[in-house]
Amino acid sequence: QVQLVESGGGLVQAGGSLRLSCAASGRTISRYAMGWFRQAPGKEREFVAAINWDGGSTRTADSVRGRFTISRDNAKNTVYLQMNTLKPEDTAVYYCAARYGTINRAEYDYWGQGTQVTVSS
């Protein structure tokens, strides 16, 4: 089992930045692909970004490309999402997820509880 705990969410003005962290426990995530997803009120959960086990490959949704960057530190068992130039439409609960094996946009085995990000206009 892998437990995931997100942190770093909060309230920020449009144009600002936040860095989300996802701390894993239970197992080392060095062989897991990791992803970030988000869900806004009244909408389905959507893919944001993913990274493969060694950080050598990433995927990013079109809506955040150029503004959000996913990274990982396997020594700390932690994954990050750096979010710049935030927009009100980025407001959502952000979830971290883990998947044993290759990078993927949808199929994940473990999920965190989420952290709220609110961007004011």
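The model is predicted: local features need pLDDT of at least 70, side-chain atom pairs count only at pLDDT 80 or more, and totals for chains, interfaces and linings use all residues. Residues are numbered from 1 along each chain as its sequence is written, and side-chain values use heavy atoms, with hydrogens and water left out. The protein chain contains eleven strands and zero helices. One disulfide is present in the structure.

**Overall fold**

- Strands (E, at least two residues) and helices (H or I, at least four residues) are DSSP runs, numbered from the N terminus. From the N terminus on, the elements of the chain read β-β-β-β-β-β-β-β-β-β-β.
- Along the principal axes, the C-alpha atoms fill a box of roughly 40 × 25 × 25 Å.
- A contact means heavy atoms within 4.5 Å. Among contacts between residues at least 6 apart in sequence, 58% join residues at least 24 apart.

**Surface and burial**

- Of the 121 residues, 47% count as buried. Buried means under 20% relative accessible area, exposed means over 50%, and partly exposed lies in between (1.4 Å probe, protein chains only).
- The chain exposes about 6200 Å², and carbon and sulfur atoms supply 45% of this area. Accessible areas come from the Shrake-Rupley method with a 1.4 Å probe; for residues, only the protein chains shown count as cover.

**The disulfide**

- A disulfide is a covalent bond between the sulfur atoms of two cysteines. In this model, the criterion is a pair of cysteine sulfur atoms within 2.5 Å.
- Cys-22 and Cys-96 form such a pair, with their sulfur atoms 2.0 Å apart. The pair links distant parts of the chain, as Cys-22 lies in strand S3 (residues 18-25) and Cys-96 in strand S9 (residues 92-100), 74 residues apart.
- The torsion about the S-S bond of Cys-22 and Cys-96 is about -80°, so the disulfide is left-handed.
- Both Cys-22 and Cys-96 are buried.

- Met-83 belongs to strand S8 (residues 78-83) and is buried, with a relative accessible area of 0%. The C-alpha atoms of Met-83 and Ser-17 are 5.4 Å apart, although the two residues are 66 apart in sequence.
- Not counting residues up to four places away in sequence, Met-83 touches several residues, including Leu-20, Tyr-94 and Val-117.
- Leu-86 is placed in the loop between S8 and S9 and counts as buried at 2% relative accessibility. Its C-alpha atom is separated by 4.9 Å from that of Gly-15, 71 residues away along the chain.
- Leaving aside neighbours within four places in sequence, Leu-86 is in contact with residues including Val-12, Ala-14 and Val-119.

**Positive phi values in loops**

- Most residues other than glycine have a negative phi.
- Asn-77 has a positive phi, near 55°. Asn-77 is found in the loop between strand S7 (68-73) and S8, and is buried with a relative accessible area of 14%.
- Thr-85 also has a positive phi, near 50°. Thr-85 lies in the loop between S8 and S9, and is partly exposed with a relative accessible area of 45%.
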